Amino acid sequence: MTALLEVEDLRAGYGSVPVLQGVSFSVAEGETAVMFGLNGAGKSTTVNTVVGLLKTWGGQVRFDGEVISKLPSSEIVKRGVALCPEGRRVFPGLSVRTNLELGAWTNRSVQKQQMERVFGYFPRLEERAAQLAGTLSGGEQQMLAIGRALMSKPRLLLIDEASLGLSPKLTQTVFQVVDQINDDGTTVVIVEQNIGVLPYADQALVMQKGTITFDGRGAELAKSGDLRTAYLG
Amino acid sequence: MHEAVLGATQFSVQINFLSPLINGIANGAAYGLLGLGLVLLYKSNRIFNFAQGEFATVGAIVTYVFYSGTGVLPKLPFFVAVPIGLLASVGIALLTERLVIRPMFNRAKVILVVGTVGVALLLIGVEGLLPYPKTQSLPTISDVLKVQPFIGRVDGIPILYQDLAKLAMLVVLAVGAFYFFRYTRTGTAILAVSQDATAARVVGISVERISLISWGIAGLLGGVAGVLLAVPPQGTVTPGAFTGTTLTVAFAAAVLGGMTSLPGAFVGGLSLGLIEAFANVDASFVPGLNHVHSGQAELAVFAVLLAVLLFRPRGLLGSET
């Protein structure tokens, strides 16, 4: 399978503090890749750099063969990469519907079609379409954040900490919907600490101290000791 | 006209409520016009823009120098000079965003606010260096149209074309801005950026472009205020003309209306104009108040502002509309 996302020797950080120390991996089109690691390993920094929220210090990111690491985030989203950020970050003072409409900012032609698709995945959002996003529960906000990311009809969806703060039951629901999104043709990269997502992973990545320490199939990771190492050191 | 009897003391008094009503609406429209720009930038950048008064002054000065043909400049018709003045206000606002706000965009908001104070002081200084007669005023609408200054009289009080123009412009701009934020993509994007700039970037909104648009609109609103307010009897094109008392009361108006509400700036401006005007009504006939001659208006504005901050800090109409 051809790689949709290729990350090569990526270096980035905050201020003068380096976080990514040369991250390299690729994700094949149509797959779900899950990135595990402890807090501070560099998972969020990786996805934030891929979508242009952080500047690349070195190395490069290619999407569908095109180097995107020097582009502003607005151009990266236009090319078909979307991020569901850590902490949901919905627009609290705007309605659910307006939040979703803003998700289609770069690709307005698909707004109606994607809205129906999102409401299909998350019927609760349709019921609450007129409600202010800030008044939704944590789980509903997570659904909204994923839905908003889908509104631009991305080819690659990056989800940062999908299960953070959610109940185990709701977490499973979110994982199942993400699996469905992947089955419908969107390539997915999930940053997670919850190993409950492993059954949905085609590819698994483990990050430690700003580098990738495991890159293989999800089933391989389940059998190997790398996952234990990633969490227990 | 009222004949009033208070307690045991009988006295005759003539209070005309119409005059403060008309004056209050006229002044309130001025505060509302400046307040609109303040609210817009508070909504979009979450900062108080202390340079808003100078966007108004620059618009008034540039309109004046082209209208009067100061120095080597051509003498242009008023309705040609006004767009040039407005363009100057927009240009100054855009430069402020590009050179002062954007480089410090990720710094603490208080630093941006101090930056706008710096811009205001710089502009006042530059205006002082410009060679033009600084005590002059812009013509009123009636001067330009060569008609009598008032449309009619109500109970002997003249209703000025200029005051009507201010009020009409305030209504048009407040309603226009309300619809802009509620029904346009750019307006919604400005709200999104103000609520979470990172999330706005995530959906592909260019935060820099949105910031530039917000400042441009604020500059335009300031310019319109300047052109309408730099007229006789009080208004002049003096450097810093609108950064003193006018801006202070405009801030109070914006807070009273609710800093995030555009209709609130309209309501707050008119309310404060009326409070000021009625506070200035000659109350010397009231026993115990016959020594009060000045300062009532400022005191009333302060009292109202304090009450709002204490009991309703989000203002009369505070909302994201």
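In this predicted model, Arg89(A) is buried, because 20 other C-beta atoms lie within 10 Å of its own, and the cut-off for calling a residue buried is 20 or more. Arg89(A) belongs to the loop between S6 and helix H3 (96–103) of chain A, and its phi is positive, about 50°, although the residue is not a glycine. Most residues other than glycine have a negative phi. A positive phi of about 50° is also found at Lys209(A), again not a glycine, which sits in the loop between strand S9 (203–208) and strand S10 (211–217) of chain A. Lys209(A), however, is partly exposed, with 13 other C-beta atoms within 10 Å.

Strand S6 (residues 81–84) of chain A pairs with S7(A) in the parallel sense, over four bridges, and Val81(A) stands opposite Leu156(A) of S7(A). S7(A) is also joined to strand S8 (residues 187–191) of chain A, by five bridges and again in parallel; here Thr187(A) of S8(A) is the bridge partner of Leu156(A). Together with helix H7 (residues 168–183) of chain A, S7(A) and S8(A) make a β-α-β unit that is right-handed.

How enclosed is strand S7 (residues 156–160) of chain A? Five of its five residues are buried, so this strand is largely enclosed by the rest of the structure. In a regular strand the side chains alternate between the two faces of the sheet. Accordingly, one may look at S7(A) face by face: Leu156(A), Leu158(A) and Asp160(A) are buried on one side, and Leu157(A) and Ile159(A) are buried on the other. Leaving aside neighbours within four places in sequence, Leu158(A) is in contact with Val47(A), Val50(A), Val51(A), Leu83(A), Cys84(A) and Val189(A).

In soluble globular proteins, nonpolar side chains tend to be buried together.

Chain A also holds an open sheet of four strands in the order S2-S1-S4-S5, with antiparallel pairing. Its edges are strand S2 (17–28) and strand S5 (66–67) of chain A, each of which pairs on one side only. Strand S4 (residues 58–63) of chain A is joined to S5(A) by two bridges, and Arg62(A) has Val67(A) of S5(A) as its bridge partner.

In chain B, the 23 residues of helix H6 (residues 161–183) should span 33 Å at 1.5 Å a residue, and the end C-alpha atoms are 32 Å apart, which agrees. The buried residues of H6(B) include Leu167(B), Leu170(B), Leu173(B), Ala174(B), Ala177(B) and Phe181(B), and Lys166(B) is also among them. The buried residues of H6(B) pack against several elements of chain B, among them H1, H7, helix H9 (207–229) and helix H11 (262–279).

Finally, the two chains meet where 14 residues of chain B are in contact with 20 residues of chain A. On the chain B side, helix H7 (185–195) and helix H8 (197–202) each supply at least two residues, and the residues of that side divide into six nonpolar, five polar and three charged.

Key
Residues are numbered from 1 along each chain as its sequence is written. Chains are lettered from A and ligands numbered from 1 in the order in which they are written. This is a predicted model: local features need pLDDT of at least 70, side-chain atom pairs count only at pLDDT 80 or more; totals for chains, interfaces and linings use all residues. Two residues are in contact if their C-beta atoms, placed from the backbone, lie within 7 Å. Ala, Val, Leu, Ile, Met, Phe, Trp, Tyr, Cys and Pro count as nonpolar, Asp, Glu, Lys and Arg as charged, and the others, Gly among them, as polar. A residue is buried if 20 or more other C-beta atoms lie within 10 Å of its own, exposed if 12 or fewer, and partly exposed in between; C-beta atoms are placed from the backbone. Two strands pair if DSSP finds at least two bridges between them. A crossover is right-handed if, with the strands pointing away from the viewer, the path from the first strand over the helix to the second runs clockwise. The expected span of a helix is 1.5 Å times one less than its number of residues.
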